[in-house]
Amino acid sequence: MSRILIACLAGFAGLLTYLGMVLWAGDHVQQWHWALQVPFYVAAGFAWVFPVRSLMFWAARRPR
């Protein structure tokens with residue numbers, strides 16, 4: 001199995017899991033003050049980038 005296929009499958013499964021966790025946490029965050037909600041959603045919006053970036057470099061066989 002090629003690295004690209006493994007990376008695609010792992011990335012898809014990981015992003016679905018991450019999405020589920022953020023949606024679950026978002027239900028609880030909705031009760032917070034808006035000033036606390038904004039940093040949560042900003043962090044949640046960017047947090048997925050770092051693992052996906054590493055996965056893409058691994059699939060392309062390039063050092064970070």
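I first looked up the packing of helix H1: its buried residues (under 20% relative accessible area, with exposed over 50% and partly exposed in between, 1.4 Å probe, protein chains only) pack against helix H2 (34-47) and helix H3 (49-60). Contact here means heavy atoms within 4.5 Å. The model is predicted, with local features requiring pLDDT of at least 70 and side-chain atom pairs pLDDT 80 or more, while totals for chains, interfaces and linings use all residues. Residues are numbered from 1 along each chain as its sequence is written, and side-chain values use heavy atoms, leaving out hydrogens and water.

I then listed the buried positions of H1, which are Ala7, Gly11, Val22, Ala25, Gly26 and Val29.

I checked the length of H1 (residues 3-29).

I turned to the secondary structure of the protein chain and found three helices and zero strands (DSSP runs numbered from the N terminus; helices are H or I of at least four residues, strands E of at least two). The pattern along the sequence is α-α-α. The radius of gyration is 15 Å, well over the 11 Å of the globule rule for 64 residues, so the chain is more spread out than a compact globule (taken over C-alpha atoms; the rule is 2.2 Å times the number of residues to the power 0.38).

I noted that the C-alpha trace spans about 45 × 20 × 5 Å along its principal axes. Buried residues make up 17% of the 64 residues in the chain.
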